[in-house]
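Hi,

Here is the model I promised to send over. Have a look at it first, and my notes on the aromatic rings follow below.

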Amino acid sequence: MAKVIIGVHGLGNKPRKDLLQDWWRMAIIEGLEKAGVAYTMPEFELVYWADILHEKPTDETITNPESQLFLDEPYVPAKKTLIKKDTSVRKKVLDWFDEAADKIFLNNDMTVNYSYISDAIIHNYFKDLEAYYLNDKIIKNGIVSFARDQIRERLRKVLIKHRGDDIFIVSHSMGSIVAYDILTFNLPDFEVHTFATIGSPLGIPFVRSRVALEKKIILNDIKLKTPPGVQKNWFNFSDIEDDVAINYSLNKDFDANKYGILPIDFIVHNDYEINNKPNPHKSFGYLRAPEFSKVLLDFINEKESEKNWKQRVRDIFGILRNKKQNQ
């Protein structure tokens, strides 16, 4: 059984696939090398879907910053010295906002109040997400397809290709929505070792409401859970200053699946910076964060005997949990 890392990028236009895949790999390796632990890098494949919604990729050879295809945030190694901000006040505000937002925007049946507000936010700031949720019609070369179906199909094909492998999925931003949806609705029985979300908007009330709506339509259930096929871990990484991951804690928003897997939240420092301008949402900074590198190294270096032992422990706790729930 081979180990494989599957990445899913986030919203917005991107550079061409081969370049973005190389940059993701470089960021991952940068973090692993800093950990100072011996490892062998598994196969890495990036699920690329930007071309479905964007006619041409951003281009690293374009020097005019006014061009729509100007690539303003390429991969760059982290600075050797970084000054971390004190985010304790912001964290308290976000914790308050998280609790208040659920009470204001979500009903008990997971329908959303003031939908015109969330619709306006998505329309004005998250065009790709809007196209995904509306399943926009796409016509290319005279062939009609639909945005959400095509995006999910890209990930589905890669997962099916690696069926039987030990899979570590790392999904960024909107990519975490796509990955969650595929593992919940399209491939609910597909086995995944670890599901990692970085800079994820899955905690935002209107996103959770959309998931619940699809669950109600497809599964006659609105309860949000860890995707059923995630067997070992769901790790969620957020920078407190990342506005997309503003609802940074997923542990309280999703129940355990049949394996007893709940999201484990990590607050990290996203160190991406270009031309002295930081971007706490950038994938490269998350992929080399020490906390992410640690769990990835655990996956890479996990021996078969360790896996079997951990699975037996999880099975025992799962049986005990089910008995308690049924009493």
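Are Trp23 and Phe284 buried or exposed? Both Trp23 and Phe284 are buried (under 20% relative accessible area, with exposed being over 50% and partly exposed in between, using a 1.4 Å probe and protein chains only).

Before the rest, some housekeeping. This is a predicted model, where local features need pLDDT of at least 70, side-chain atom pairs count only at pLDDT 80 or more, and totals for chains, interfaces and linings use all residues. Residues are numbered from 1 along each chain as its sequence is written, and side-chain values use heavy atoms, with hydrogens and water left out.

On to the rings. Rings of Phe, Tyr and Trp (its six-membered ring) pair if their centres lie within 6.5 Å; planes under 30 degrees apart are stacked, over 60 edge-to-face, and the rest tilted. That gives 17 aromatic pairs. One of them is Trp23 with Phe284, edge-to-face at 6.1 Å centre to centre and 90 degrees between the planes. Trp23 is in helix 1 (residues 17-35) and Phe284 in helix 9 (residues 283-287), so this pair ties together parts 261 residues apart in sequence (helices are DSSP runs of H or I, at least four residues, numbered from the N terminus).

Phe284 also pairs edge-to-face with Tyr75, at 5.6 Å and 90 degrees. Tyr75 sits in the loop between helix 2 (50-53) and helix 3 (88-105), 209 residues from Phe284. Tyr75 counts as buried at 11% relative accessibility, and Phe284 has a relative accessible area of 1%.

Elsewhere, Phe168, Phe235, Phe237, Phe266, Phe292 and Phe299 make up one aromatic cluster.

Cheers

Notes. Helix = DSSP H or I, 4+ residues; strand = E, 2+ residues; numbered from the N terminus.
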